[in-house]
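Have the sequence and the model open side by side for this one. We'll walk from the sheet to the cores, then to a helix and some aromatic rings.

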Amino acid sequence: SQWKVTSSYIKKVIFIKNYKSITSISEATVGSTGPHLFSEIGKQKYETLIKKSKYHVWSGDCHNYCLVIKGGLDLVVEEGLSSYDILPLIPILKSKDIIVTDWKSKEINLKNDLFSKYSVVVARDKNIYDTAIKIMNWFKVYLFEQYLIIIFTMLLNPIASPPIGKPGRDEVFQAIRSICAQFVFLSINL
């Protein structure tokens with residue numbers, strides 16, 4: 001018999017969808033190769049993401065992408081990939097209607113530099129994908145809040161006690177957090 005390679009058969013093995021449709025990040029299983037591939041900020045973003053998910057697994061490399069196709073994983077997030085780690089897999093994933101982009105929701109293409117690194121979000125479900133992208137980009141707001149706090153700390157530091165009627169350091173910090181929280185709420189719910 002002949003080897004048949006189509007969207008249904010690879011090496012005479014039928015790929016059968018054996019998963020239930022999961023559309024919420026709180027029910028999702030998230031995977032990544034390992035923490036050593038993430039930058040410090042990338043690790044913090046990823047930790048924020050996995051706190052919102054149901055399960056998380058380390059390891060897998062390219063096997064993680066097969067698990068997304070098969071239903072064993074709902075989402076894969078990677079940072080620091082080389083072109084050979086992800087580019088050959090993109091046509092395969094897209095042929096199975098899997099969403100594949102960078103962390104900024106842009107299409108992944110070969111860059112002119114062979115030493116370029118890629119940050120990737122791969123998901124089967126659009127809702128899970130959208131939530132992951134928002135979480136991975138929300139972190140910018142968190143960093144912005146931290147910078148504002150540092151700036152206001154430097155500005156308020158000489159003040160031993162605020163005059164009556166003027167806000168103190170704690171009130172300023174609370175106002176900054178409130179403004180940032182409103183900004184995050186609006187950006188996530190757009």
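How many bridges join strand 5 to strand 7? There are five, and the two strands run antiparallel. Before going on, some ground rules: this is a predicted model, where local features need pLDDT of at least 70, side-chain atom pairs count only at pLDDT 80 or more, and totals for chains, interfaces and linings use all residues. Residues are numbered from 1 along each chain as its sequence is written, and side-chain values use heavy atoms, with hydrogens and water left out.

Helices (H or I, at least four residues) and strands (E, at least two) are DSSP runs, numbered from the N terminus. Strands count as paired if DSSP finds at least two bridges between them. On the strand 7 side, L75 stands opposite A123. Strand 5 also pairs with strand 3, this time in the parallel sense over two bridges, and there G31 sits opposite V76. Six of the seven residues of strand 5 are buried (under 20% relative accessible area; exposed is over 50%, partly exposed in between; 1.4 Å probe, protein chains only), so this strand is largely enclosed by the rest of the structure.

L75 is worth a click. Leaving aside neighbours within four places in sequence, its contacts (heavy atoms within 4.5 Å) include I25, V30, L49, V121 and I128.

**Two cores**

A nonpolar core here is a set of buried Ala, Val, Leu, Ile, Met, Phe, Trp, Tyr and Cys residues joined through side-chain atoms within 4.5 Å. The largest one has 19 residues, and L49, L75, V77 and V121 have the most contacts inside it. Helix 1, strand 5, strand 7 and helix 5 (126-156) each supply at least two of its residues; helix 5 gives the largest share, six residues. Apart from this core lies another, of 16 residues, among them I69, L81, L89 and I90.

**Helix 2**

I69 also turns up in helix 2 (residues 63-70), where the buried residues are N64, Y65, V68 and I69. What covers them includes strand 3 (29-32), strand 5 (75-81), helix 3 (83-86), helix 4 (90-95) and strand 7 (118-123).

**Aromatic rings**

The structure holds four aromatic pairs. Rings of Phe, Tyr and Trp (its six-membered ring) pair if their centres lie within 6.5 Å; planes under 30 degrees apart count as stacked, over 60 as edge-to-face and the rest as tilted.

| Pair | Centre to centre | Between the planes | Type |
|---|---|---|---|
| F38 and W58 | 6.3 Å | 70° | edge-to-face |
| Y46 and W58 | 5.3 Å | 40° | tilted |

F38 lies in the loop between strand 3 and helix 1 (40-52) and W58 in strand 4 (residues 55-58), so their pair ties together parts that are 20 residues apart in sequence. Y46, in helix 1, is twelve residues from W58. As for burial, F38 counts as buried at 6% relative accessibility and Y46 is buried at 1%, whereas W58 is partly exposed at 37%. Ring pairs link F38, Y46, W58 and W103 into a cluster.
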